[in-house]
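Please read it with the coordinates open beside you.

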Amino acid sequence: MVSEKTQSQAFVNDALPELFHRNPDAFVRLLERDGTRLLRFYWEEAGKRVKPEHLRDAFGLNYLTYQPNRRTTIYLITLPEPKSYGEAYFAALVYRPYRVLILSSDVSGVYSLERIPSGESSEDTLLVEWTKRLHRVEIRRGVQPEKNAFLQAVWNELGE
């Protein structure tokens, strides 16, 4: 089925949350081994699900690894510059392998920072979480579309 989403939206909203939440340990191993090759593979796969006019090249697709403490690793995915509203500047894959609780687990977390309209000819951003059930949860507006501001916003959401 061909989606109305752009390639960027299909990658960030569908592929990343599903792949990472389903098996975070395996995804992290593959990402650390294959890096941008893995991301580009899934970028191309996401492109197979959208209309040709919504295809984009992967220029700018990359990742950086942050380890704010010994129990948490954040994989910051930099994305091609958003062209449409709803596309993301960044995605963050939060990996906390030691956070298995008795009744639940928050080993994996997926966040993105989307470009949105904010009124007449101006833009804003929206911080979004993608839950384990692949639901989109809008968190807050106004995070600056730059790496450190996004990472700080994600860190604040984790309550660490």
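**Notes on the model**

1. At 18% relative accessibility, arginine 56 counts as buried, where buried means under 20% relative accessible area, exposed means over 50%, and partly exposed lies in between, with a 1.4 Å probe and protein chains only. Arginine 56 is placed in the loop between helix 3 and strand 1, and its C-alpha lies 7.4 Å from that of serine 8, although the two are 48 residues apart in sequence. Leaving aside neighbours within four places in sequence, arginine 56 is in contact (heavy atoms within 4.5 Å) with Gln7, Ser8, Trp43, Pro80, Glu81, Pro82, Lys83 and Glu87.

2. On provenance, this is a predicted model, in which local features need pLDDT of at least 70 and side-chain atom pairs count only at pLDDT 80 or more, whereas totals for chains, interfaces and linings use all residues. Residues are numbered from 1 along each chain as its sequence is written, and side-chain values use heavy atoms, with hydrogens and water left out.

3. The chain has four helices and six strands, these being DSSP runs numbered from the N terminus (H or I and at least four residues for helices, E and at least two for strands). Read along the sequence, the pattern is α-α-α-β-β-β-β-β-β-α.

4. For overall dimensions, the radius of gyration of the chain is 15 Å, which agrees with the value near 15 Å of a compact globule with 160 residues; the radius is taken over C-alpha atoms, and the globule rule is 2.2 Å times the number of residues to the power 0.38. Along the principal axes, the C-alpha atoms fill a box of roughly 45 × 35 × 25 Å. Of the 160 residues, 48% count as buried, and among contacts between residues at least 6 apart in sequence, 50% join residues at least 24 apart. The accessible surface comes to about 8,900 Å², of which 49% belongs to carbon and sulfur atoms, as computed by the Shrake-Rupley method with a 1.4 Å probe, where for residues only the protein chains shown count as cover.

5. Which residues of helix 2 are buried? In this helix (residues 24-34), they are Pro24, Ala26, Phe27, Val28 and Leu31, and the buried residues pack against helix 1, helix 3, strand 1 (62-69), strand 2 (72-78), strand 3 (88-95) and strand 4. Helix 2 is followed by glycine 35, whose phi is positive, near 55°.

6. Leucine 113, in strand 4 (residues 108-119), is buried, with a relative accessible area of 0%. Not counting residues up to four places away in sequence, leucine 113 touches Glu87, Ala88, Tyr89, Phe90, Thr125, Leu126, Leu127, Val143, Gln144, Pro145 and Phe150. From leucine 113 to alanine 91 the C-alpha to C-alpha distance is 6.6 Å, across 22 residues of sequence.

7. Threonine 73, in strand 2, is also buried, with a relative accessible area of 11%. Beyond its neighbours within four places in sequence, the contacts of threonine 73 are Thr65, Tyr66, Gln67, Leu93, Val94 and Tyr95.

8. Glutamate 129 is found in strand 5 and, at 24% relative accessibility, counts as partly exposed. With neighbours within four places in sequence left aside, glutamate 129 is in contact with Val110, Tyr111, His135, Arg136, Val137 and Ile139.

9. One backbone value deserves a look. Most residues other than glycine have a negative phi. Leucine 134, however, has a positive phi of about 65° although it is not a glycine; this residue lies in the loop between strand 5 (122-130) and strand 6 (136-141) and is partly exposed, with a relative accessible area of 37%.

10. The largest pocket has a volume of about 210 Å³. A pocket here is an open set of points on a 1 Å grid over the protein atoms alone, where a 1.4 Å probe fits, with protein on both sides within 12 Å along at least five of seven lines, and lining residues have an atom within 4 Å of a point; the volume is the space filled by probe spheres set on the points, which are joined across faces, edges and corners. The lining has 12 residues, of which Ala10, Asp14, Ala15, Glu18 and Arg49 lie nearest the centre of the pocket. Helix 1 (7-22) and helix 3 (36-47) are the elements that give two or more residues to this lining, and the largest share, six residues, comes from helix 1. By type, the lining residues divide into six nonpolar, one polar and five charged, with Ala, Val, Leu, Ile, Met, Phe, Trp, Tyr, Cys and Pro counted as nonpolar, Asp, Glu, Lys and Arg as charged, and the others, Gly among them, as polar.
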